[in-house]
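Morning, everyone. Please have a look at the sequence and the model before I start talking.

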Amino acid sequence: MYVITGATGNTGSVVARRLLAKGEKVRVIGRTAARLQALASEGAEPFMAELTDAVGLAKAFAGARGVYLMIPPSLTSQDYLAYQDRVTAALAQAVEEAGVQYAVTLSSVGADKPEKTGPVVGLQRLEERLNQISGLNVLHLRAGYFMENTLAQVNLIKTLGFAAGPLRADLKIPMIAAHDIGEAAAEALLRLDFTGSQTRELLGQRDLDFREVTQIIGKAIGKPKLSYVWASDDQVRAGMMQVGWSRNSADLILEMSAAMNAGYMRPLEERSAKNTTPTSYETFVAERFVPLFQGRAATAETDL
Ligand SMILES: NC(=O)c1ccc[n+]([C@@H]2O[C@H](COP(=O)([O-])OP(=O)(O)OC[C@H]3O[C@@H](n4cnc5c(N)ncnc54)[C@H](OP(=O)(O)O)[C@@H]3O)[C@@H](O)[C@H]2O)c1
């Protein structure tokens with residue numbers, strides 16, 4: 001039996017469904033029965049727990065062959081890093097108490113750095129804490145920049161007429177579809193071929209910069225002259241707070257963006273078949289961006 005945290009989310013839902021499709025028993029964690037219902041009807045065992053509740057999580061992890069661990073974004077938090085630390089403490093305590101032997105985590109490119117990478121600092125601390133658990137084999141998947149982040153451009157393009165963001169227009173970064181992360185995590189959980197503490201970067205299909213991202217979006221939505229503006233910190237902060245982010249969360253994203261723009265936060269691995277995943281940005285735009293832009297999809301995920 002496998003246990004999946006964040007099971008209704010971008011990556012966890014893919015992990016759960018892939019394992020179910022392989023005939024595995026899967027326990028899915030979420031906060032409400034209603035949101036877990038779809039996975040339950042597909043054969044998963046729903047389990048309600050807060051990811052800050054070590055006691056509840058230890059019960060959820062009991063008897064697991066392997067667990068998928070992630071820290072959900074909490075964009076309204078006044079102290080995002082403290083929230084991440086609380087989730088890490090609960091996950092680690094539950095792993096220890098339940099005697100879990102295999103865990104796959106959702107981490108990030110940049111989690112090698114202990115500071116100045118915004119929310120990725122919390123993922124570095126998650127890695128470190130789990131690495132200290134004796135008897136645990138843990139694989140940290142250090143993912144690149146989610147393609148889903150670019151769904152926030154839908155509203156910007158509609159309201160401003162151009163794309164905008166905190167990253168330099170010519171900064172080439174690995175961009176990955178969350179779906180591909182879920183597939184890689186499920187594969188790792190099925191194989192369980194990692195020992196001790198390991199990291200693996202997941203770099204998407206290719207590196208892209210926002211100039212190219214904007215060209216691809218523009219072509220797909222019939223605005224071939226769509227432009228991208230590298231926005232100032234003040235503009236980005238104001239935009240994020242306008243859609244409900246806390247100042248603290250917005251400032252952490254700005255810190256991360258500065259770390260990326262400066263080349264401080266970057267992949268450590270050379271691109272290879274092992275860290276390259278299939279979904280191209282063109283495919284992502286056709287399947288996710290265009291329907292959202294045309295009002296054919298329910299919501300945009302703007303989490304980081
Ligand atoms: N965006 C990027 O570029 C990027 C890059 C690298 C790494 N990451 C990392 O990826 C992670 C996000 O992954 P994701 O996109 O798969 O997450 P997600 O789609 O936001 O899913 C999170 C899920 O967690 C559940 N959840 C939220 N708060 C919870 C709580 N307090 N207790 C229990 N469950 C809770 C929610 O389910 P319910 O509502 O059903 O409870 C939600 O579906 C973050 O750690 C982020 O730092 C992001």
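This is a predicted model: local features need pLDDT of at least 70, side-chain atom pairs count only at pLDDT 80 or more; totals for chains, interfaces and linings use all residues.

Let's start with helix α1 and helix α7. Helix α1 covers residues 12–21, and helix α7 covers residues 178–191. Their axes come within 8 Å and cross at roughly 45°. That angle makes α1 oblique to α7. The crossing of the two is right-handed. Who makes the contact? On the α1 side, look for Val-14, Val-15, Arg-18 and Leu-19. On the α7 side, there are His-179, Gly-182, Glu-183, Ala-185, Ala-186, Leu-189 and Leu-190. By class, that contact has seven nonpolar, two polar and two charged residues.

Next pair: α6 and α11. Helix α6 is residues 153–160, and helix α11 is residues 281–293. How far apart are the axes of α6 and α11? They are 9 Å apart, and the helices pack at an angle of about 40°. So α6 and α11 are oblique to each other. Their crossing is right-handed. From α6, the residues in the contact are Gln-153, Val-154, Ile-157 and Lys-158. They meet Phe-289, Leu-292 and Phe-293 in α11. Sorted by class, the contact of α6 with α11 has five nonpolar residues, one polar and one charged.

Asp-233, Val-236, Arg-237, Met-240 and Met-241 of α9 make the contact with Arg-247, Ala-250, Asp-251, Ile-253 and Leu-254 of α10. The classes here are six nonpolar, no polar and four charged.

A word on the approach: rolling a probe the size of a water molecule over the atoms shows where empty space is left. The second largest pocket has a volume of about 850 Å³. It is lined by 33 residues. Which of them are the closest to its centre? Those are Ala-152, Leu-156, Ala-164, Gly-239 and Met-240. You have already met Met-240, in the contact of α9 with α10. The elements that give two or more residues to the lining are α6, β8 (163–165), α9 (233–242) and α10 (247–261). What about charge? The lining has 22 nonpolar residues, eleven polar and no charged.

Over to you for questions.

Technical notes:
Residues are numbered from 1 along each chain as its sequence is written. Side-chain values use heavy atoms; hydrogens and water are left out. Axes are lines fitted to C-alpha atoms, for helices over the stretch in contact, and angles run from 0 to 180 degrees between N-to-C directions. Helices (H or I, at least four residues) and strands (E, at least two) are DSSP runs, numbered from the N terminus. Angles under 35 degrees count as roughly parallel, over 145 as roughly antiparallel, 65 to 115 as roughly perpendicular and the rest as oblique. A crossing is left-handed if the near helix is turned anticlockwise from the far one by less than a right angle, and right-handed if clockwise. Contact means heavy atoms within 4.5 Å. Ala, Val, Leu, Ile, Met, Phe, Trp, Tyr, Cys and Pro count as nonpolar, Asp, Glu, Lys and Arg as charged, and the others, Gly among them, as polar. On a 1 Å grid over the protein atoms alone, a cavity is a set of points where a 1.4 Å probe fits but cannot get out, and a pocket is an open set with protein on both sides within 12 Å along at least five of seven lines; lining residues have an atom within 4 Å of a point. Grid points are joined across faces, edges and corners, and a volume is the space filled by probe spheres set on the points.
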